[in-house]
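Please read the following points beside the coordinates; they begin with the aromatic rings and then turn to the core and one of its helices.

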Amino acid sequence: MPVPIAPQVTLAGDEQSRMESIVRAHSTPQALAFRCQLILRAAALDRPSNLQMAKELNCNRQTVGRWRSRYLEQGLRGLQDAPRPGRPRRFSPLATARCDVDSHP
C-alpha cells in the first residue's frame with residue numbers, strides 16, 4: 001500500500017524562534033520539547049517523511065504523523081498535553097509530597 005506524502009509544515013520566523021526557545025528551556029516538560037523538536041524537523045528544508053523523522057527521533061511513524069497533524073490543525077496549542085478524561089484529582093501531588101516530607105523526622 002503506498003504511503004501518502006506527509007503534509008508540509010512551514011513556520012513563520014516567530015514560530016520557529018519560539019519553538020527553539022521552548023526546546024532549549026530547562027523547565028520545559030520533556031514531552032513538549034520532543035514535540036517541538038519534531039515540528040522543527042518537519043519544517044526543515046529537506047521536507048523529511050514521517051518514517052525518516054521517526055528513525056531520526058527514535059519514535060513511531062504514527063507518532064510523527066499525529067503531532068504533525070495536530071500542529072497543522074491547532075498550531076502550538078496542539079502540541080500541549082490534552083486534559084485527561086475522568087474525574088479530577090481530589091488532592092494535588094504537590095500537597096501529598098509536602099505531607100510525606102512533614103511526617104518524616
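1. Rings of Phe, Tyr and Trp (the six-membered ring of Trp) are taken as a pair if their centres lie within 6.5 Å, with planes under 30 degrees apart called stacked, over 60 edge-to-face and the rest tilted. By this rule, the count is zero aromatic pairs.

2. The model is predicted, so that local features need pLDDT of at least 70 and side-chain atom pairs pLDDT 80 or more, while totals for chains, interfaces and linings use all residues. Residues are numbered from 1 along each chain as its sequence is written, and side-chain values use heavy atoms, with hydrogens and water left out.

3. R70 sits over the face of W67, 4.7 Å from the ring centre, where the criterion is CZ of Arg or NZ of Lys within 6 Å of the centre and within 35 degrees of the ring normal.

4. In helix 4, V64, G65, W67, R68 and Y71 are buried, meaning under 20% relative accessible area with a 1.4 Å probe, protein chains only. The buried residues of this helix pack against helix 1, helix 2 and helix 3, contact being heavy atoms within 4.5 Å.

5. After helix 4 comes G75, with a positive phi near 75 degrees.

Conventions
Buried means under 20% relative accessible area, exposed over 50%, partly exposed in between (1.4 Å probe, protein chains only). Helices (H or I, at least four residues) and strands (E, at least two) are DSSP runs, numbered from the N terminus.
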